[in-house]
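Here is a short briefing on one protein model. Look over the sequence and structure, then read the points below.

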Amino acid sequence: RNKLFVRGVADSSFNGPTPATVAQYFGEARINYDAPDPNLNLYDIGSVEILEGPQGTLYGGAAIGGIMRLMPNGPVLGEASGSAEAGALATQKGGIGGDAAAMLNLPLGPAAAVRAVGYGVLNPGYIDDAGRGLSDINRTVSFGGRLAVRYDPAAKVSIEAGGVYQDLDTRDGQYAELGLPPLTRSSTIAQPFDNDFRLGYAVVRAPLWGASLVSSTSFVRQELRTQFDATPRFGVPAAF
């Protein structure tokens, strides 16, 4: 799920305990190693950068395919601003969904500022399960937010600390079966997927002997839970 390929380099189409082939960063913080793309929603993101691999010399392991870097819009000193957006969507042969997001930037005196982002997304389902008599079973809901605080104690010196969280829940598996009507399958039990992501980071930028020093410290926690239908062709319903 959400496995990224760059240069066509991949170990397989499945996720496991092996290192990823594409290293992902949120600003200066590494956000993955042996886990899939957390699929962070790109609200208030300034740019998405792609660097072809291999990049192990500069970025360490799990970068043989390349690097993907999300560059968020950081706190802006001396500026009070905000924005909000909302959308709705209808899926053909599926349900109704939408999204909403808001951003707020506030100064904390002349040398500090805080920026907060919050959002929620509902992607409606479009796959039916004939075996259980259910419609639009693969609905996905995600919500999350970010908070960043910046402090510039001196000229060309900047300290930023922040956090990111996102919860993503898919109600059932995202697949259909041959031999059945389009976008239909027949299963015995639900096969939900859950991806919870947490990131805390601190970045210090300062001049050092004519060069620029960037120090990044971060902590990442990503929880993945997947349930598969392991029911035998003729047997008692079972999950894996």
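I50 lies in strand β3, residues 45–52; strands here are DSSP E runs of at least two residues, numbered from the N terminus. This is a predicted model: local features need pLDDT of at least 70, side-chain atom pairs count only at pLDDT 80 or more, and totals for chains, interfaces and linings use all residues. Residues are numbered from 1 along each chain as its sequence is written, and side-chain values use heavy atoms, without hydrogens and water.

**Surface**
- I50 counts as exposed because its relative accessibility is 53%. The classes are buried under 20% relative accessible area, exposed over 50% and partly exposed in between (1.4 Å probe, protein chains only).

**Nonpolar cores**
- A nonpolar core is a set of buried Ala, Val, Leu, Ile, Met, Phe, Trp, Tyr and Cys residues joined through side-chain atoms within 4.5 Å.
- The largest such core has 15 residues, and F26, I31, L40, V164, F197, L199 and Y201 have the most contacts inside it.
- β1 (22–26), β4 (66–72) and β12 (193–208) each give two or more residues to this core. β12 supplies the largest share, 4 residues.
- Another core, of 6 residues, lies apart from it; Y43, A101, M103 and V117 are among its members.

**D167**
- D167 sits in strand β10, residues 157–170. D167 counts as buried because its relative accessibility is 12%.
- The D167 side chain makes a polar contact with the R198 side chain at 2.9 Å. Such a contact pairs N or O atoms within 3.5 Å; within protein, one must be able to donate a hydrogen and the other to accept it, and residues adjacent in sequence count only if both atoms are side-chain atoms.
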